[in-house]
Amino acid sequence: MVLAVLPFAWSRTRASAPAPGPTSAPRRVSSGEYVSSDACRSCHAAEHASWQRTYHRTMTQLVTATSARGPDAELSLDGDAYAVHRRGDEVWATLPPRGGMPASPRRLELSTGSHHYQGYWFAGQDPGTLQMLPFVYVFREGRWLPRRDVFLQPPGAVPHDVRWGSGCIQCHATAGQPGRDPSGSFDTRVAELGIACEACHGPGGDHARHYRDPVARYEAYARPDGARTSDAEAGIVNPARLSAERGSMVCGQCHGLTYPKDEDEWWRRGYVRSFRPGQDLRATRFFIQDPPATPEASPVELDADVWSMFWPDGTVRVGGREYDGLVDSACFRKGTGARQLSCMSCHSMHDSDPAGQIARDRTGNDACLTCHEDKRAAVTAHTHHRADSRGSLCVSCHMPRTTYALLKGIVSHRIDSPKVSERAGGWTSRPVACNLCHLDRTLAWTDGFLHDWYGQPVAIQAGERGGDTAAGATWLLSGDAAVRVIAAAAFGSVEATDACGTGWQAPLLARATSDPYAAVRIVATRSLQALRDRGGRPAPDPRPRPTLDDPAIDALVARRDDRAISISE
Amino acid sequence: VTTKTTETSASDGIGMRHLRVGWWALLVYLLLGLALEGMHGFKVGAYLDVGNETRRLMWRLAHAHGTLLALVNIAYGLTARSVPAAMAPGASLASPCLLGALALIPLGFFGGGIVFHGADPGVLVLLVPAGAVALAVGVGAVARSMR
């Protein structure tokens with residue numbers, strides 16, 4: 001009787017469940033070399049738990065009703081209707097009709113992004129491919145926005161036709177292998193979705209097998225810290241124990257602008273066979289940094305957009321590529337031994353706040369003062385700002401927010417000193433740190449202080465361009481799109497409010513909310529809101545600001561640098 | 001009569017020793033349990049943080065085994081006083097083994113949780129298998145004497 005009923009019950013259950021969609025999600029291959037974070041947890045519970053809290057872990061996830069942060073919604077883009085809706089534990093999107101095909105529901109399989117916004121992927125037409133939904137869910141606003149709007153790209157530009165297996169896989173998964181075959185289909189594999197233990201420490205299979213033996217473990221405990229005696233032990237890398245150069249390369253495998261030297265190999269197996277943490281990244285990749293004078297001089301042919309990612313002085317200006325900035329910094333180039341700057345000089349994966357991952361003992365000025373000890377007792381003498389003000393934080397001046405990604409300005413990891421002389425050449429130059437707080441002051445004003453305080457040569461002569469206009473206003477309205485978006489973010493920063501009060505920015509930001517670039521508009525709107533939330537704050541400097549009436553604003557807009565800029569991060 | 005009296009006083013003496021040790025040990029390990037609860041109450045990181053899971057496990061095991069072995073020793077003390085066969089020559093190992101187990105097993109667990117390496121307890125945990133062997137021998141000796 002029971003046996004007779006069971007198939008019926010099974011068929012009823014099956015019939016009531018939503019039909020499973022086709023899956024193109026990468027296959028998780030967790031055997032042999034790569035054993036996944038599950039295997040690490042049994043011995044390294046604390047490290048596993050601290051990693052669990054990071055945004056690295058959730059950078060790519062299988063979509064479920066709970067892992068997808070975007071709520072059900074009816075959406076519209078260019079007259080086409082889209083819908084996102086949950087079916088049980090799955091999330092589906094209804095896409096508009098295309099090529100004579102009716103509107104079709106597609107299951108969202110993967111999500112990318114964990115901190116600021118989340119993008120979603122569904123099965124593409126070619127087997128194994130994943131295509132991106134043209135909307136992302138932005139956490140700060142709690143809104144679905146068109147994907148093309150959250151990237152900095154010219155109005156009307158068609159977003160790149162991205163596929164998860166051909167781009168995102170490189171950094172948003174552990175040991176990703178695109179598995180592309182010549183027909184265009186993909187057999188994508190990963191050791192783990194998200195950035196997990198083995199992305200930074202190397203494949204753990206040999207290590208785990210070796211240390212299943214308790215004698216091997218206790219023998220290792222008895223040795224001096226870090227001593228290795230076998231290949232199995234050496235196979236696991238602790239980036240903090242590597243040299244500054246090699247340790248930083250572990251981060252640089254994702255936080256650097258690179259291009260594979262062997263493209264065919266990359267399309268098949270990614271870097272799984274060719275790179276291990278601890279090895280020289282340059283053996284397998286070209287670094288796209290300090291771009292040559294012309295794109296033609298690059299070792300590889302690159303999309304023109306790539307050159308949007310650098311300031312005219314060669315500094316990288318796209319966020320998420322901090323390695324490029326680091327290796328251009330004197331602290332890295334001139335440092336040696338323990339006094340050479342590395343990513344781990346400031347950051348920690350396991351002992352930090354997940355936002356920014358600044359090591360708990362390296363917050364404030366502590367990271368810099370480990371080498372620049374002489375500044376500790378004489379902060380104000382060096383900064384000429386109150387010791388307890390943001391102007392006395394090393395990063396405010398030496399790592400200004402001049403890189404852009406994720407709808408915000410991000411600190412530049414090219415550590416240097418503010419100099420007007422190198423930036424006065426035009427409004428497409430990298431903004432000077434001083435004026436990213438003192439937005440209402442001119443470059444000439446800054447020039448004077450840098451001359452008086454630090455003996456820098458005077459760069460701007462009286463009456464010269466830039467000498468009579470508030471730098472922030474000029475950047476916001478006359479710069480190229482990258483300068484404009486960075487300025488728009490700076491207007492909303494706490495540092496700028498501290499430095500120049502409130503009550504004068506609204507007309508400028510209001511004009512920026514009609515910028516041709518959607519990302520500039522979004523960031524300007526955020527800054528307007530932030531200033532409203534802060535209420536009235538007097539400017540600490542009572543000296544009058546340069547005039548910013550409507551004709552002055554119109555003149556700044558008329559000078560806008562309209563060159564096409566694309567920063568798709 | 002003299003021999004029987006001597007045997008009786010010997011078993012009384014051994015029984016009393018186990019009762020004394022057992023009750024004191026029970027007090028110690030119950031107090032340890034109280035301390036562990038206190039650490040929960042005050043959320044002591046050295047005991048509760050996820051990185052100290054091994055310590056938490058080891059100290060809980062020390063508390064549990066210490067309490068249980070204290071009761072075993074009390075039970076043996078009562079047995080020795082009420083069942084003279086438990087003191088037969090073949091069961092002479094029972095007393096030192098049960099006392100040894102009471103000392104070695106909880107101490108091994110507790111010591112293994114003081115200094116530890118990730119998921120592995122410290123080397124003092126090696127006292128535990130030694131204590132386990134002693135316990136097995138002691139319990140076996142008592143069981144055999146009851147035939």
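Visitor: Which side chains meet A:Arg189 and A:Asp187 in a salt bridge, and how is such a contact to be read?

Guide: Side chains of opposite charge can pair when their charged atoms come close. A salt bridge is counted when a side-chain nitrogen of Lys or Arg lies within 4 Å of a carboxyl oxygen of Asp or Glu. Here the side chains of A:Arg189 and A:Asp187 form one with each other, at 3.1 Å from N to O. This is a predicted model, in which local features need pLDDT of at least 70 and side-chain atom pairs count only at pLDDT 80 or more, while totals for chains, interfaces and linings use all residues. Residues are numbered from 1 along each chain as its sequence is written, chains are lettered from A and ligands numbered from 1 in the order in which they are written, and side-chain values use heavy atoms, with hydrogens and water left out.

Visitor: Is A:Asp374 buried or exposed?

Guide: Buried means under 20% relative accessible area, exposed means over 50%, and partly exposed lies in between, with a 1.4 Å probe and protein chains only. A:Asp374 is exposed, at 55%. A:Asp374 forms a salt bridge with A:Lys375, with the closest N and O atoms 3.2 Å apart. A:Lys375 is partly exposed, at 27%.

Visitor: How many residues apart in sequence are the parts that A:Arg390 and A:Asp498 tie together?

Guide: Helices (H or I, at least four residues) and strands (E, at least two) are DSSP runs, numbered from the N terminus. The side chains of A:Arg390 and A:Asp498 meet in a salt bridge at 2.4 Å, N to O. A:Arg390 lies in the loop between α16 (379–383) and α17 (394–398) of chain A, and A:Asp498 in helix α22 (residues 494–500) of chain A, so the pair ties together parts that are 108 residues apart in sequence. A:Arg390 is partly exposed at 36%, and A:Asp498 is partly exposed at 35%. Elsewhere, salt bridges that share partners join A:Arg28, A:Asp38, A:Arg41 and A:Glu192 into one network. Over all chains, the structure holds 32 salt bridges.

Visitor: How many cavities of 30 Å³ or more does a search of the whole structure find?

Guide: On a 1 Å grid over the protein atoms alone, a cavity is a set of points where a 1.4 Å probe fits but cannot get out, and a pocket is an open set with protein on both sides within 12 Å along at least five of seven lines; lining residues have an atom within 4 Å of a point. The search finds five cavities. The largest cavity holds about 260 Å³ of space. Its lining has 22 residues, and A:Gln170, A:Ala175, A:Gly176, A:Gln253 and A:Tyr271 lie nearest the centre. Helix α5(A) gives the most to this lining, with three residues.

Visitor: What volume has the second largest pocket, and which residues lie nearest its centre?

Guide: Grid points are joined across faces, edges and corners, and a volume is the space filled by probe spheres set on the points. For the second largest pocket, the volume is about 430 Å³. Of the 21 residues that line this pocket, A:Arg98, A:Met132, A:Pro134, A:Arg147 and A:Pro159 lie nearest its centre. Strand β8(A) gives the most to the lining of the second largest pocket, with three residues.
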